[in-house]
Amino acid sequence: MTTPETRPAPELLAALAPLLAAESDAEAPAAGVEPSDLEQAVWLRLLEQLQETGTAPERPAEWLRRAVRAEARRARRTSDRERPYRDEPAHDPEGPGHDSSPERSLLDAEGRRTLRAAVTRTPGRCPRVLTAMLAPEDLTYREIAGELGISQGSLGPMRSRCLGCLRRMLAAEVPAPDRRGRVR
């Protein structure tokens, strides 16, 4: 919890904002993330440091550069470990080769039910965020943020965390094949 004496000076935040934006813009493409996601992670890291130590970094510009690079490395490591599930092709109901068989319809419906059930089991605000993202109206970030009552800038990182949680939940439900390709 920040107290008045540990609260960051508005001048410090205002001075660091352009530098953080520039550093994030430079590091984000190589990390495979959005610059705004890097910015938010670094702001959070700064607030955590202020809460732990009670003081701002001695050399804020150097600290900020190191923090951006550290967050970019973390994002790269995370994205390196995440792999798409390739056993089934992405479903495009209107696409070429559309299979309208009863079996395909049943499998699609079952997949949607499994996904919706997993969404409701996610923690915190994730069910609301993911439900809004899955809405058939295909809402924009601005519309989703307005509907949820959060800032548009925090929606991307929140969406990323919620999707990561959902991915881990669904991966736990899919049995892993053994060495001979049979499901355990």
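A residue is termed buried when its relative accessible area is under 20%. The legends below refer to a predicted model.

**View 1. Salt bridge between Arg104 and Asp108 in helix α4.** The side chains of Arg104 and Asp108 form a salt bridge with an N to O distance of 3.1 Å. Because the two residues are four positions apart in helix α4 (residues 102-120), about one helical turn separates them. Asp108 has a relative accessible area of 12% and is therefore buried. Arg104, with a relative accessible area of 26%, is partly exposed.

**View 2. Salt bridge between Glu71 and Arg74 in helix α3.** Glu71 and Arg74 are joined through their side chains by a salt bridge of 2.9 Å, N to O. Both residues belong to helix α3, where they lie three residues apart, about one turn of the helix. Glu71 counts as buried because its relative accessibility is 7%. Arg74 is partly exposed, its relative accessible area being 39%.

View 3. The relative accessibility of Glu23 is 13%, so Glu23 counts as buried. For Arg65 the value is 33% relative accessibility, and Arg65 therefore counts as partly exposed.

**View 4. Salt-bridge network of Glu23, Glu27, Arg65 and Arg69.** Salt bridges link Glu23, Glu27, Arg65 and Arg69 in a network. The structure as a whole holds nine salt bridges. Side chains of opposite charge can pair when their charged atoms come close.

**View 5. Crossing of helices α1 and α2.** The axes of helix α1 (residues 10-31) and helix α2 (residues 35-53) come within 8 Å and cross at roughly 135°. This angle makes α1 oblique to α2. The crossing of α1 past α2 is right-handed.

**View 6. Residues in contact between helices α1 and α2.** On the α1 side, the contact involves Leu13, Leu16, Ala17, Leu20, Ala21, Ser24, Asp25, Glu27 and Ala28. Their counterparts in α2 are Pro35, Leu38, Glu39, Val42, Trp43 and Leu46. The residues of this contact comprise 11 nonpolar, one polar and three charged. Glu27, which takes part in the contact with α2, also belongs to the network of salt bridges with Glu23, Arg65 and Arg69.

How values were computed
Residues are numbered from 1 along each chain as its sequence is written. This is a predicted model: local features need pLDDT of at least 70, side-chain atom pairs count only at pLDDT 80 or more; totals for chains, interfaces and linings use all residues. Side-chain values use heavy atoms; hydrogens and water are left out. Axes are lines fitted to C-alpha atoms, for helices over the stretch in contact, and angles run from 0 to 180 degrees between N-to-C directions. Angles under 35 degrees count as roughly parallel, over 145 as roughly antiparallel, 65 to 115 as roughly perpendicular and the rest as oblique. A crossing is left-handed if the near helix is turned anticlockwise from the far one by less than a right angle, and right-handed if clockwise. Contact means heavy atoms within 4.5 Å. Ala, Val, Leu, Ile, Met, Phe, Trp, Tyr, Cys and Pro count as nonpolar, Asp, Glu, Lys and Arg as charged, and the others, Gly among them, as polar. A salt bridge is a side-chain nitrogen of Lys or Arg within 4 Å of a carboxyl oxygen of Asp or Glu. Buried means under 20% relative accessible area, exposed over 50%, partly exposed in between (1.4 Å probe, protein chains only).
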